[in-house]
Amino acid sequence: MKKFYVVALSISTILFSLWLTGKNDAHKVAEPIKPQIKHSANAPDLSPVKVIPIDVPKAKKPQSKKQIAFNEDLTKAAQQVVMQYESALKFPPYSQPLSPLDEDRLKPNQFYPVSSPIGESGDALTVSLKQYRFVYPEEITIKVSAQGLGKVVVELANTDTKEVLNTHTGNAREGEAIITFKEDEDYPRSLQVYVQGDVDGKKVPVVAQIQYMPPSATLTGFEIAYAQNENMIMPANLTVLKSGLYRVRANLYSGDTPLAHLVSKERLTQGSQTVDLKAHWSVLPKGVTDMRLSDFVIERMSPSPGERNSFGSSEISHFDINDFSYDSLQQLPYQTNAQEKLSLEFLQGLAES
């Protein structure tokens with residue numbers, strides 16, 4: 001405490017000295033310069049005129065039209081975010097409504113075909129895979145297609161080092177070739193797929209990127225769904241190979257109609273574990289009994305900046321929910337928590353400023 005007072009006194013002394021120096025400098029600036037005038041016998045007496053300094057207030061610089069437009073755009077964007085967030089808060093974060101337009105959730109592991117043009121004809125050599133992310137021991141199957149396609153050479157290489165790891169050659173039938181690479185536990189995470197197709201005697205290259213990784217956990221199945229207060233609970237059974245914080249995601253359907261995107265976050269240890277996926281009553285059609293759960297994503301969250309997220313696999317493609325009693329759910333509106341309220345207030349403040 002004594003040390004604190006000494007430091008405070010020192011700072012006060014320095015500030016006082018600076019103030020005193022500034023004050024003296026101000027007096028020096030205000031003092032007018034006396035002109036030196038030579039007097040003659042007949043010259044009138046000219047005394048120096050005292051100059052009184054006047055502080056003229058600086059006019060505020062008006063905002064430019066560009067700045068005003070930028071501020072208005074920022075406010076509109078913030079208002080839009082507020083509206084979207086308010087809409088999302090009508091449902092719990094673990095059970096959000098899903099529509100056919102939500103492609104990122106409906107196809108979480110989608111690989112988008114890569115094409116290379118063939119001359120000026122408008123045709124193209126196209127490379128397609130069933131997914132973007134592979135988990136050992138999955139095989140990597142590559143489809144190459146083009147009109148007039150003949151011989152196909154496909155290389156798998158390390159994206160970072162460019163080292164070629166494996167090469168397969170095949171011949172197309174009716175403009176299509178299927179090349180399969182066996183599973184390999186030693187594949188690096190980032191893989192480059194280099195394809196060279198012979199199209200009517202012309203060699204056409206295509207390059208694509210995929211990921212391959214060891215599994216962190218495996219989804220083995222589900223227990224029977226049951227009602228608990230306002231939620232339908234679906235217990236998921238997992239075999240965890242690597243401990244950590246996990247995020248398990250799935251999509252809920254009624255027939256072919258998407259209903260909800262479900263998310264559960266839990267810290268899991270190695271061995272057999274159970275994670276509950278919950279569907280809030282508000283995302284379910286009234287009286288629904290039969291549903292289907294699919295599009296599973298098992299993700300181990302990054303524990304540190306130097307380590308990336310890793311993913312698991314699933315032994316099942318879907319889980320059927322039959323004869324569920326919708327009326328057994330308590331139909332109570334979702335109540336936002338303290339953190340969600342603070343986030344909303346912050347966004348509203350941005351929108352109003």
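**Aromatic pairs, pocket and local geometry of the predicted model**

Y212 is buried, with a relative accessible area of 2% (buried is under 20% relative accessible area, exposed over 50% and partly exposed in between, with a 1.4 Å probe and protein chains only). The structure is a predicted model, in which local features need pLDDT of at least 70 and side-chain atom pairs count only at pLDDT 80 or more, while totals for chains, interfaces and linings use all residues. Residues are numbered from 1 along each chain as its sequence is written, and side-chain values use heavy atoms, with hydrogens and water left out.

The protein chain contains four helices and 20 strands; these are DSSP runs (helices H or I of at least four residues, strands E of at least two), numbered from the N terminus. Of its 353 residues, 33% count as buried. Contacts were taken as heavy atoms within 4.5 Å. Among contacts between residues at least 6 apart in sequence, 63% join residues at least 24 apart. The chain exposes about 23,100 Å², of which carbon and sulfur atoms supply 54%; accessible areas come from the Shrake-Rupley method with a 1.4 Å probe, and for residues only the protein chains shown count as cover.

Aromatic pairs were assigned to rings of Phe, Tyr and Trp (its six-membered ring) with centres within 6.5 Å; planes under 30 degrees apart count as stacked, over 60 as edge-to-face and the rest as tilted. By this rule there are three aromatic pairs. The rings of Y187 and Y212 are edge-to-face, because their centres lie 5.2 Å apart and their planes stand at 85 degrees. Y187 belongs to the loop between β8 (176–181) and β9 (190–199) and Y212 to strand β10 (residues 202–213), so this pair ties together parts that are 25 residues apart in sequence. Y187 is also buried, at a relative accessible area of 8%. F222 and F296 form a tilted pair, with 5.6 Å from centre to centre and 35 degrees between the planes. Since F222 lies in strand β11 (residues 217–222) and F296 in strand β17, the pair ties together parts that are 74 residues apart in sequence. Both F222 and F296 are buried. Ring pairs link F222, F296 and F319 into a cluster.

Charges over rings were assigned where NZ of Lys or CZ of Arg is within 6 Å of the ring centre and within 35 degrees of the ring normal. The charged end of R133 sits over the ring of F311, 3.8 Å from its centre. K278 lies over the face of Y94, at 4.4 Å from the ring centre.

The largest share, four residues, comes from β17. The pocket holds about 490 Å³ of space. On a 1 Å grid over the protein atoms alone, a pocket is an open set of points where a 1.4 Å probe fits, with protein on both sides within 12 Å along at least five of seven lines, and lining residues have an atom within 4 Å of a point. Grid points are joined across faces, edges and corners, and a volume is the space filled by probe spheres set on the points.

M301 is placed in the loop between β17 (291–300) and β18 (310–311). This residue is buried, with a relative accessible area of 17%. Leaving aside neighbours within four places in sequence, M301 is in contact with L245, R247, K265 and N309. The C-alpha atoms of M301 and R267 are separated by 9.7 Å, at 34 residues apart along the chain. T257, in strand β15 (residues 257–268), is partly exposed at 46% relative accessibility. T257 and S99 are 158 residues apart in sequence and 8.0 Å apart in space, C-alpha to C-alpha.

Some backbone features fall in loops. The peptide bond from Y136 to P137 is cis, with omega near 15 degrees, and P137 lies in the loop between β4 (133–135) and β5 (140–145). E174, a residue other than glycine, has a positive phi near 55 degrees. E174 is located in the loop between β7 (164–171) and β8 and is exposed at 86% relative accessibility. N229 is not a glycine either, and has a positive phi of about 55 degrees. N229 occupies the loop between β12 (226–228) and β13 (231–240) and is partly exposed, with a relative accessible area of 45%.
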